[in-house]
Amino acid sequence: MNSPKKPINAHKAYHAHVYFDANTLDAAKRLYEKTKNAFSLKLGRIHERPVGPHTMWSYQVLFFDTDFDNFIPWLDEQRDTLNVLVHASTGDDLADHTQHAYWLGNAVELDLRGF
């Protein structure tokens, strides 16, 4: 089995998608609040249903290359057992969710049919 690619700082802008379900909702909400308090990053809504290509419940965090080196190690440490997709935001959604996709934890299957 291949290990998912770990995040690298090679792009200007990124999204991190934190995945959770009913059993990990409280942990996801705690991480959301910790992120909001620790960083000045834009956090999206907490979706308690799959949205777009994301096959699990999720929320997103928007950040830039200048945030990467502080945010990603912190996120990896704080995420506990939650899986996180980190991908570039280049304007090419398919490439961003495939070629420029990196993982903290385990990879989660995406539904790429909409791209």
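**Figure 1. The largest nonpolar core of the predicted model.** In this predicted model, the largest nonpolar core comprises 24 residues, of which Ala16, Tyr59, Phe63, Phe71, Leu75 and Val86 touch the most other members. At least two residues of this core come from each of the strands β1 (13-20), β3 (57-64), β4 (84-88) and β5 (101-104) and from each of the helices α1 (25-38) and α2 (65-78). The element that gives the most to this core is α2, with 5 residues.

Figure 2. When residues up to four places away in sequence are not counted, Phe71 touches Ala16, Thr35, Phe39, Leu41, Val61 and Phe63.

**Figure 3. Span of helix α1.** The 14 residues of α1 should span 20 Å at 1.5 Å a residue, and this expectation agrees with the model, because the end C-alpha atoms of the helix are 20 Å apart.

Figure 4. Leu25, Ala28, Leu31, Tyr32 and Thr35 are buried in α1. Seen down the helix axis, the buried residues of α1 fall within an arc of 120 degrees, and they therefore line one face of the helix. An α-helix has 3.6 residues a turn, so residues three or four places apart point the same way. On the other side of α1, the residues Asp26, Arg30 and Asn37 are exposed, whereas the buried residues of α1 pack against β1, β2 (42-43), β3 and α2.

Terms used. Residues are numbered from 1 along each chain as its sequence is written. This is a predicted model: local features need pLDDT of at least 70, side-chain atom pairs count only at pLDDT 80 or more; totals for chains, interfaces and linings use all residues. Side-chain values use heavy atoms; hydrogens and water are left out. A nonpolar core is a set of buried Ala, Val, Leu, Ile, Met, Phe, Trp, Tyr and Cys residues joined through side-chain atoms within 4.5 Å. Buried means under 20% relative accessible area, exposed over 50%, partly exposed in between (1.4 Å probe, protein chains only). Helices (H or I, at least four residues) and strands (E, at least two) are DSSP runs, numbered from the N terminus. Contact means heavy atoms within 4.5 Å. The expected span of a helix is 1.5 Å times one less than its number of residues. The arc is that of the directions from the helix axis to the C-beta atoms.
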